[in-house]
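Keep the 3D view open as you read.

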Amino acid sequence: MTSFSENVPQGALAGTYDPRFESVAVAFVENFKSRNELGASVAVTVEGETVVNLWGGTAREESGKAWEEDTMSIVWSSTKGAAAFCMHVLASRGEINLNARVTDYWPEYGASGKENTTLAMLLNHQSGSCAVRDTLPEGAYANPKEWTTRLAAQQAYFEPGAHHGYEALTFGFLLGEVIERVTGKTLGAFFREEIAEPLGIPFWIGLPEELEDKTARMIMYIPGPDEKLSPMLERVADKSSLQYSVMGNAGGYMVAGVDGIPGYDTRAAHGAEIGAAGGITNGRGLAGMYAPLAMGGSLNGREYVSADQLLKMSMVSSAGLDFTLLLPTRFSLGYFKAMDNRAAVSGVTDSMLISEAAFGHPGFGGSIGFADPECRMSFGYTMNRMGAGMLVNTRGQSMIDALYQTLGYTSNASGAWQR
């Protein structure tokens with residue numbers, strides 16, 4: 001491994017990389033020089049071994065605190081990959097059946113016409129439970145039961161199975177309730193005990209208070225006055241829209257409180273189990289979580305999911321125009337698949353250009369983690385200065401592109417990487 005060190009205006013960059021993957025390090029540096037990166041980390045594993053582990057810049061702009069090796073940040077919807085992993089662990093063990101109805105595990109969920117909803121529909125965003133209809137009280141983001149009680153009682157936004165619509169904040173609460181009903185453990189506890197601790201990765205759904213000083217402060221992207229917004233963000237301004245409910249009805253999670261700190265960056269949010277958007281980790285944590293999924297479901301002698309279950313994690317399960325995001329999306333059971341929306345809406349960059357064999361999850365502002373079982377590779381990228389769009393932006397994509405090129409892939413006509 002080659003030791004890495006470079007100074008940029010945002011601070012020192014450091015880490016190690018296999019010389020074969022120098023192009024990833026070059027792209028990482030370029031993000032700080034020309035793509036407005038502030039603090040970030042990136043990691044890659046191949047054949048279960050770490051071949052890239054880089055970090056640096058500034059973790060907290062107001063104090064100038066450096067981004068260090070153990071710095072972590074909110075990864076937004078990249079958290080969904082962890083929540084889905086938990087469900088597949090249970091399915092692989094035979095403790096749940098993803099084709100079974102949700103009511104088999106959570107009887108109250110069948111109210112208001114949702115009785116035919118399956119676990120698979122929760123995972124591939126076909127449930128219609130895209131948002132909570134009733135106004136959530138302040139601070140509800142830290143109380144999963146506030147969400148699950150209302151989601152169980154309310155009518156879905158569409159007939160379950162008829163469409164797919166991104167469950168931006170509800171996804172983790174829905175899966176978490178099922179996991180708790182089956183195992184007696186909360187989502188955060190199950191993930192920590194069954195996945196994060198065995199893998200030895202710094203990834204938390206519910207961060208212990210003693211680790212709070214290791215967190216970076218997030219900086220929300222503010223679009224320019226003439227900047228093209230994604231269709232979903234354009235609709236958020238309409239308070240009668242589903243899109244407003246998705247982003248605006250979250251108990252203050254997405255807005256600043258009286259102290260000026262947004263809900264998502266408070267200690268209350270960091271300590272809460274927000275399984276759709278509140279995971280806290282770094283590039284090493286994301287790449288490490290996906291490493292066994294890049295290796296057939298097992299790593300270091302421990303099987304996390306069977307080969308059959310891994311296939312279900314990687315196969316497209318729902319696709320087409322997304323009821324929530326208002327863009328074409330493709331999902332397996334819990335994960336995004338390769339998508340090229342660069343031509344779908346002029347000026348919008350909400351895409352994720354990976355190979356067709358790969359699956360993973362991006363996060364709001366640009367974080368991403370994924371596994372590619374074809375080349376036995378996993379990737380993780382986190383940052384604190386968020387970029388444009390809901391999915392992957394040029395910072396993350398530049399490193400993904402460099403990685404695939406190093407592995408001998410070429411980009412096809414649809415934007416996906418292929419051998």
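Arg235 and Asp238 make a salt bridge, with their closest N and O atoms 3.2 Å apart; the term covers a side-chain nitrogen of Lys or Arg within 4 Å of a carboxyl oxygen of Asp or Glu. Before going further: this is a predicted model, where local features need pLDDT of at least 70 and side-chain atom pairs count only at pLDDT 80 or more, while totals for chains, interfaces and linings use all residues. Residues are numbered from 1 along each chain as its sequence is written, and side-chain values use heavy atoms, with hydrogens and water left out.

Back to that pair. Arg235 is partly exposed at 35% relative accessible area, and Asp238 is partly exposed too, at 28% (buried is under 20% relative accessible area, exposed is over 50%, and partly exposed is in between, using a 1.4 Å probe and protein chains only). Glu234 has a salt bridge as well, to Lys228, at 3.8 Å from N to O. Here Glu234 comes out at 44% relative accessible area, partly exposed, and Lys228 at 40%, also partly exposed.

Now look at Arg330 and Glu356, a salt bridge whose closest N and O atoms are 2.8 Å apart. This one ties together distant parts of the chain: Arg330 is in strand S11 (residues 328–331), and Glu356, 26 residues away, is in the loop between S11 and S12. (Helices, H or I with at least four residues, and strands, E with at least two, are DSSP runs numbered from the N terminus.) There is also a network, in which salt bridges with shared partners join Arg93, Glu95, Lys185, Arg192, Glu193, Glu194, Glu197 and Arg302. The structure holds 22 salt bridges.

What is in the largest nonpolar core? This core, a set of buried Ala, Val, Leu, Ile, Met, Phe, Trp, Tyr and Cys residues joined through side-chain atoms within 4.5 Å, has 130 residues, and Trp76, Phe85, Tyr253, Leu293, Phe379 and Tyr404 touch the most other members. Helix H2 gives the most to it, with 9 residues. Pick out Phe85: leaving out residues up to four places away in sequence, its contacts (heavy atoms within 4.5 Å) are Ile195, Met289, Pro292, Leu293, Tyr304, Val305, Met313 and Tyr335.

Met313 leads us to helix H11 (residues 307–314), where the buried residues are Gln309, Leu310, Met313 and Ser314. Why are they on the same side of H11? Because they cover an arc of only 140° around the axis, taken from the directions from the helix axis to the C-beta atoms. The buried residues of H11 pack against helix H2 (79–92), helix H10 (283–294) and strand S12 (359–362).

Last stop: Ile201, in the loop between helix H6 (187–199) and helix H7 (231–235). Is Ile201 buried or exposed? With 13% relative accessibility, Ile201 counts as buried. Setting aside neighbours within four places in sequence, Ile201 contacts Ala196, Arg284, Gly285, Gly288 and Met289.
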